[in-house]
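Here are my notes on the structure, as numbered points. Please read them alongside the sequence and the coordinates.

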Amino acid sequence: MPSLEDELFPSTPGKFKIDRGHNINRQFHRCFASTSTMFIWALFLIALTASYLSFQSFVDSGNRYFTASWGGIQWEKQIRNSAKTNRPGGMSVLVTGAAGFIGSHVSLALKKRGDGVVGLDNFNNYYDPSLKKARQSLLHSQAILVVEGDLNDVKLMAKLFDLVAFTHVMHLAAQAGVRYAMENPSSYVHSNIAGLVTLLETCKSANPQPAIVWASSSSVYGLNDKVPFSELDRTDQPASLYAATKKAGEEITHTYNHIYGLAITGLRFFTVYGPWGRPDMAYFSFTRNILQGKTITIYRGKNKADLARDFTYIDDIVKGCLGSLDTSGRSTGSGGKKRGPAPYRNFNLGNTTPVKVPTLVNILEKHLRVKAKRKIMEMPGNGDVPYTHANISLARREFGYKPTTDLQTGLKKFVRWYLSYYGYNRKDVW
Ligand SMILES: O=C(O)[C@H]1O[C@H](OP(=O)(O)OP(=O)(O)OC[C@H]2O[C@@H](n3ccc(=O)[nH]c3=O)[C@H](O)[C@@H]2O)[C@H](O)[C@@H](O)[C@@H]1O
């Protein structure tokens with residue numbers, strides 16, 4: 001059977017019978033007939049194009065309808081309710097990345113102490129979105145609404161600020177992961193650069209402007225080899241695109257602070273772990289693989305040196321986030337106009353006791369009561385750094401930041417959560 005394309009644009013010689021008679025009348029008729037045939041074909045093509053275009057716009061508007069799961073009177077009411085504070089002097093906080101690991105913990109802590117929280121998350125599939133949905137349900141049970149939407153959706157961002165005069169933004173939405181940046185570089189630009197700028201544009205235009213606290217990363221120290229890492233150390237040698245986008249974020253936020261008077265605090269998190277954590281991180285994937293009897297790969301640095309991280313427990317990080325929000329100071333501008341200087345700060349939030357990766361595995365083995373099958377491998381040149389170690393004296397001075405959970409205790413809590421969430425023998429875990 002011929003395809004529609006073949007029907008419309010016949011290319012096979014002999015498909016049309018050619019009349020070789022030469023009588024003028026017939027020529028005229030043929031000419032007329034061919035003109036009218038062409039005319040009919042032209043009409044047909046126009047009609048086809050028009051119906052294709054209207055179908056496309058129907059599909060597009062359908063897509064918009066289905067992806068934009070926001071809007072409507074009921075939705076607006078839910079947003080306002082979720083943002084309501086429940087203590088004198090309470091904050092109304094927009095938490096981006098609220099269905100993420102740190103975002104969900106911070107949202108719950110804010111709500112618990114009586115602050116209003118509205119969450120935003122795009123539920124992307126970098127890791128199992130069902131875990132993000134489960135965190136969303138948890139937040140929902142505490143009357144926190146998490147809006148499904150992207151930072152880059154300018155209309156949605158403006159709408160949220162129309163509905164609520166947010167006093168603070170806790171910006172935790174990001175494309176995380178150091179090594180994944182080599183697989184999908186544009187996702188880092190989309191979330192960590194473009195998304196950040198969209199958020200800052202919205203905040204600078206808001207009236208009142210909120211104060212912003214956002215997630216930078218220990219990875220900005222890159223190849224810095226002066227330990228422990230202090231905020232005064234150089235951060236101009238990122239080792240991964242991820243780190244480069246976080247460093248860029250620090251420069252971009254500085255610009256918005258300088259031009260528009262936005263109060264901005266960047267938090268350099270050091271390998272945060274704990275219950276409801278991120279399945280892409282080593283402690284989480286090691287746990288899964290150890291339980292499933294699979295071999296885990298442990299990277300090693302130059303001269304067979306073990307890699308080490310200043311692993312920081314989620315509850316300590318939450319305290320640091322709340323302390324930063326409480327001391328953020330105020331933005332001075334409104335509606336895009338600066339009225340005076342506003343605070344611009346960057347803090348390390350780490351644990352101050354780096355632990356070698358093989359030691360992390362030993363602790364997991366103990367808590368899981370399963371021996372790990374280890375494969376030791378040279379660290380691939382994919383953005384990793386050999387060690388991290390935070391100097392936290394600045395955060396301690398500014399808001400009394402003092403981590404209290406060591407890796408033994410923190411991993412015990414993580415393992416307890418992991419087993420209650422996934423069970424012992426689940427093979428289908430991400
Ligand atoms: O502190 C930070 O700034 C960063 O911490 C983590 O990055 P990373 O420290 O690389 O955390 P993991 O991916 O959990 O890796 C921890 C250690 O385990 C090692 N590792 C990882 C995976 C693996 O299969 N084997 C292995 O030995 C890594 O080389 C690294 O030394 C987060 O993934 C980043 O999003 C965050 O910004």
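1. Phe-123 sits in the loop between strand 2 (116-121) and helix 5 (129-141). Helices (H or I, at least four residues) and strands (E, at least two) are DSSP runs, numbered from the N terminus. The phi angle of Phe-123 is near 50 degrees, a positive value in a residue other than glycine. Phe-123 has 7% relative accessibility and therefore counts as buried. Buried means under 20% relative accessible area, exposed over 50%, and partly exposed in between (1.4 Å probe, protein chains only).

2. On provenance: this is a predicted model, in which local features need pLDDT of at least 70 and side-chain atom pairs count only at pLDDT 80 or more, while totals for chains, interfaces and linings use all residues. Residues are numbered from 1 along each chain as its sequence is written, and side-chain values use heavy atoms, with hydrogens and water left out.

3. Thr-352 also has a positive phi, near 75 degrees, and is not a glycine. Thr-352 belongs to the loop between strand 11 (344-349) and strand 12 (355-356). With a relative accessible area of 30%, Thr-352 is partly exposed.

4. Strand 11 is largely enclosed by the rest of the structure, because five of its six residues are buried. Strand 11 pairs with strand 6 (residues 264-269) in the parallel sense, over six bridges; two strands pair if DSSP finds at least two bridges between them. Within this pairing, Arg-268 stands opposite Asn-348 of strand 11.

5. Which residues lie closest to the ligand? They are Arg-179, Ser-217, Tyr-242, Thr-297 and Asp-384, out of 22 residues that surround the ligand. A residue is near a molecule or strand if one of its heavy atoms lies within 4 Å of it. The shell around the ligand divides into twelve nonpolar, six polar and four charged residues. In this division Ala, Val, Leu, Ile, Met, Phe, Trp, Tyr, Cys and Pro count as nonpolar, Asp, Glu, Lys and Arg as charged, and the others, Gly among them, as polar.

6. Helix 9 (282-291) and strand 8 (295-300) each supply at least two residues of the shell around the ligand. Strand 8 gives the largest share, three residues.

7. For Phe-269 a backbone N or O atom is involved, 3.1 Å from a ligand oxygen. The protein buries 92% of the 700 Å² that the ligand exposes when taken alone. A polar contact is a pair of N or O atoms within 3.5 Å; within protein, one must be able to donate a hydrogen and the other to accept it, and residues adjacent in sequence count only if both atoms are side-chain atoms. Accessible areas come from the Shrake-Rupley method with a 1.4 Å probe; for residues, only the protein chains shown count as cover.

8. Strand 4 (residues 168-171) has His-168 and Met-170 pointing one way and Val-169 and His-171 the other, and all are buried. Strand 4 runs parallel to strand 1 (residues 92-96), joined by four bridges, with Val-169 as the bridge partner of Leu-94. Four bridges also pair strand 4 with strand 5 (residues 211-217) in the parallel sense, and here Met-170 stands opposite Val-213. From strand 4 the chain crosses through helix 7 (residues 185-205) to strand 5, a right-handed β-α-β crossover. Right-handed means that, with the strands pointing away from the viewer, the path from the first strand over the helix to the second runs clockwise.

9. Two cis peptide bonds should be noted. One joins Asn-207 and Pro-208, with omega about 5 degrees; Pro-208 is in the loop between helix 7 and strand 5. Another joins Val-227 and Pro-228, with omega about -10 degrees, and Pro-228 lies in the loop between strand 5 and helix 8 (241-260).

10. The side chain of Thr-312 reaches the backbone oxygen of Asp-310 at 2.9 Å and the backbone nitrogen of Asn-351 at 3.2 Å.
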